[in-house]
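Where do they sit, and what do they touch?

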Amino acid sequence: MTLLGTIRESDVYPDTVDAPDESYGNPREVVRVMLKDTEGKYGFIEYQSIHPGYLGVLGGGVDVGEAYEQALRREVREEAGCEMENIRELGVIHEYGVRHLLGARPKYAERTLCFVADVLGPKGVPSYDAVEEKGRSRTVWLSLREAEKKFSAQEQGFSKHRAKILIDATRKA
């Protein structure tokens, strides 16, 4: 996959000094998707408990033994309540961080595999996992311009930087 970008702690929080990339250990594999509906809007997850309106790109971790497409389809069913088609690769984002808005966690690395796809059939009811339930999540559908506006107003975080990279890559796809 094409490298879309690398996000380090200091990109998000300028007062931070980064550790060498190799000190982070094996990266967790994550899938993200820019999922477009028939109206040309894209699905995003909104975490109400972090800050009202705090957004993230749909997706999540790849379980052990799970293929990337299988993980992507599972995450879309969980977070958007639907199926998808026309799955296309956008690229990969490497992330190296320490802070996390859902609570403190140790130094981590993520290899985020990014895709764009279309909603197949009707949008249903999401079945959020425990973290998303704790975050009082909901799925929102926005144009790329609306999403860009909301993300630019959002406080600093990896989600904001990741979304900018993905929105730019989606426009080019």
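What follows takes the two residues in turn.

This is a predicted model: local features need pLDDT of at least 70, side-chain atom pairs count only at pLDDT 80 or more, and totals for chains, interfaces and linings use all residues. Residues are numbered from 1 along each chain as its sequence is written, and side-chain values use heavy atoms, with hydrogens and water left out.

Start with Asp-37. It lies in the loop between β2 (28–36) and β3 (42–47). Strands are DSSP runs of E, at least two residues, numbered from the N terminus. Asp-37 is buried, at a relative accessible area of 5%. Buried means under 20% relative accessible area, with a 1.4 Å probe and protein chains only.

What does the side chain of Asp-37 reach at 2.9 Å? The backbone nitrogen of Glu-39. The side chain of Asp-37 also makes a polar contact with the side chain of Lys-123, at 2.8 Å. A polar contact is a pair of N or O atoms within 3.5 Å; within protein, one must be able to donate a hydrogen and the other to accept it, and residues adjacent in sequence count only if both atoms are side-chain atoms. Not counting residues up to four places away in sequence, Asp-37 touches Val-119, Lys-123 and Trp-141. Contact means heavy atoms within 4.5 Å.

Now turn to Glu-95. This residue is in strand β5 (residues 83–97). Glu-95 is buried, with a relative accessible area of 0%. Its side chain makes a polar contact of 3.1 Å with the side chain of Thr-112. Another polar contact joins the side chains of Glu-95 and Arg-162, at 2.8 Å. Leaving aside neighbours within four places in sequence, Glu-95 is in contact with residues including Ile-7, Tyr-108 and Phe-158.

Note on methods:
Helix = DSSP H or I, 4+ residues; strand = E, 2+ residues; numbered from the N terminus. Buried < 20%, exposed > 50% of the residue type's maximum accessible area, 1.4 Å probe, protein only.
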